[in-house]
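Visitor: I'd like to learn how to read a protein structure. Could you walk me through one?

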Amino acid sequence: MDLATLLALGVLTFDQLNAYINNLPRIHTRIADMNLFQEDGLVGTTIVKVGLAGDKLVLVPNVPRGSPAQPKGLARGKVKLLETTHLPQRSTVMADQLLGVYDPVNDPTGTNVASVVNALQAIHKRDLDYTIEYHRIGALRGEVLDADGSTIVDLYEEFGVEQTVLGLQLGTADTRVRAKVLAIKRQIEAKLGGVPHRGIHVFCSASFFDDLTEHKQVKDAYSRWQDGAALRDDMRQGFTFAGVTFEELPGGIGEDPFIPEGEAIAFPLGVPDMFITRFAPADYLETVRTKGLPYYTKTAKLRMDKGIELESQSNPLSLNTRPDAVVRLKRGADDSEE
């Protein structure tokens with residue numbers, strides 16, 4: 001059995017492999033589960049041109065020479081070219097592995113062979129989904145992240161947009177926490193300039209969440225609701241106070257937590273085109289001038305037909321187009337943690 005035979009069976013064709021990985025169930029990650037980011041594919045390019053119109057970042061279409069100019073209102077000199085990340089995952093399937101499952105008599109369509117490859121695709125997709133999740137955390141913080149998690153572009157710095165930082169002074173017993181939370185809402189709504197939203201969500205570090213839920217005013221408010229049931233439950237997956245939902249977001253990459261300790265990040269939900277992910281086409285001949293898909297898989301023969309190399313990849317760029325409408329929170333004063 002050689003690669004030509006497998007291709008003839010239809011189990012390793014480019015189209016079939018791509019259809020399989022793009023139809024696998026999505027790995028459950030918090031931001032993906034929220035459907036916060038609107039996804040689309042780029043056509044025939046890995047470059048996204050981003051401009052600044054007022055305080056909002058906009059995608060500037062690439063047009064042929066001689067076509068009409070870029071949209072009016074973009075700040076002069078504030079157009080940047082951002083490249084999508086390239087996230088390849090590779091595995092090797094040796095011929096002996098396939099020989100052990102290929103049965104031309106009882107399995108003439110190669111279903112067993114496909115199962116070996118498909119199992120690796122599922123692993124690739126899992127790792128890609130976790131990486132995309134991390135990039136989206138970066139986008140919430142106003143950063144464009146590289147494949148290794150390092151910052152490529154700080155959007156606040158690059159476009160001269162000022163990030164709002166609010167301190168909730170949770171270490172002070174007489175702090176009017178409700179008024180502080182309402183100030184978060186008003187700040188975000190002012191930056192949205194009348195654009196509707198369907199709520200404010202806050203991702204918290206563990207220490208910020210603990211200080212908030214243990215604050216006397218918060219505990220007093222919940223002690224009068226359902227006989228204090230909420231105070232006896234684990235509220236880390238989300239509780240609402242003054243119309244804002246607070247949720248502890250654990251995890252990180254290496255020693256870099258998603259949310260720095262003592263901090264939280266507040267953002268609006270349901271704002272059109274605020275949080276976006278754009279996927280570029282793969283770097284294969286088959287994808288030239290095509291619209292980017294979230295995932296790709298392709299195979300290639302090893303030397304002397306010893307097996308096949310399997311590569312899956314994604315080429316995403318995740319952006320927050322309204323970085324000034326995301327508020328960084330601290331448990332202490334605005335300029336310190338305590």
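Guide: We'll go from the overall picture to helix packing and then to salt bridges. Keep in mind that this is a predicted model.

Visitor: Let's start with the whole chain. How many helices and strands does the protein chain have?

Guide: The protein chain has ten helices and 19 strands. It runs to 338 residues, and 46% of them count as buried.

Visitor: And what share of the contacts join residues at least 24 apart?

Guide: Take the contacts between residues at least 6 apart in sequence: 75% of those join residues at least 24 apart.

Visitor: Okay, on to helices. How do I read the packing of two of them?

Guide: The general idea is that two packed helices are described by the angle between their axes and the distance between the axes. Now try helix 2 (residues 14–23) and helix 5 (residues 111–140): they pack at an angle of about 50°, and their axes are 10 Å apart.

Visitor: Which residues in helix 2 and helix 5 meet?

Guide: From helix 2 you have Leu-17, Tyr-20 and Ile-21, and across from them in helix 5 are Val-117, Asn-118, Gln-121 and Lys-125. Sorted by class, this contact has four nonpolar, two polar and one charged residue.

Visitor: Charged residues bring me to salt bridges. What's the general idea there?

Guide: Side chains of opposite charge can pair when their charged atoms come close. This structure holds 16 salt bridges.

Visitor: Which residue forms a salt bridge with Arg-30, and where do the two sit?

Guide: The partner is Glu-247, with the closest N and O atoms 2.7 Å apart. Arg-30 is in helix 3 (residues 30–34) and Glu-247 in strand 11 (residues 244–248), so the pair links distant parts of the chain, 217 residues apart.

Visitor: Is Glu-247 buried or exposed?

Guide: Glu-247 has a relative accessible area of 6%, and buried means under 20%, so Glu-247 is buried. Arg-30 is partly exposed, at 29%.

Visitor: What does the salt bridge between Lys-80 and Glu-158 tie together?

Guide: Its closest N and O atoms are 3.6 Å apart. Lys-80 lies in strand 4 (residues 74–83) and Glu-158 in helix 6 (residues 155–159), so this pair ties together parts 78 residues apart in sequence. Lys-80 counts as partly exposed at 22% relative accessibility, and Glu-158 is partly exposed at 31%.

Visitor: One last pair, please!

Guide: The side chains of Lys-301 and Asp-305 meet in a salt bridge, 3.4 Å from N to O. Lys-301 is partly exposed at 49% relative accessibility, and Asp-305 is partly exposed at 38%.

How values were computed:
Residues are numbered from 1 along each chain as its sequence is written. This is a predicted model: local features need pLDDT of at least 70, side-chain atom pairs count only at pLDDT 80 or more; totals for chains, interfaces and linings use all residues. Side-chain values use heavy atoms; hydrogens and water are left out. Axes are lines fitted to C-alpha atoms, for helices over the stretch in contact, and angles run from 0 to 180 degrees between N-to-C directions. Helices (H or I, at least four residues) and strands (E, at least two) are DSSP runs, numbered from the N terminus. Contact means heavy atoms within 4.5 Å. Ala, Val, Leu, Ile, Met, Phe, Trp, Tyr, Cys and Pro count as nonpolar, Asp, Glu, Lys and Arg as charged, and the others, Gly among them, as polar. A salt bridge is a side-chain nitrogen of Lys or Arg within 4 Å of a carboxyl oxygen of Asp or Glu. Buried means under 20% relative accessible area, exposed over 50%, partly exposed in between (1.4 Å probe, protein chains only).
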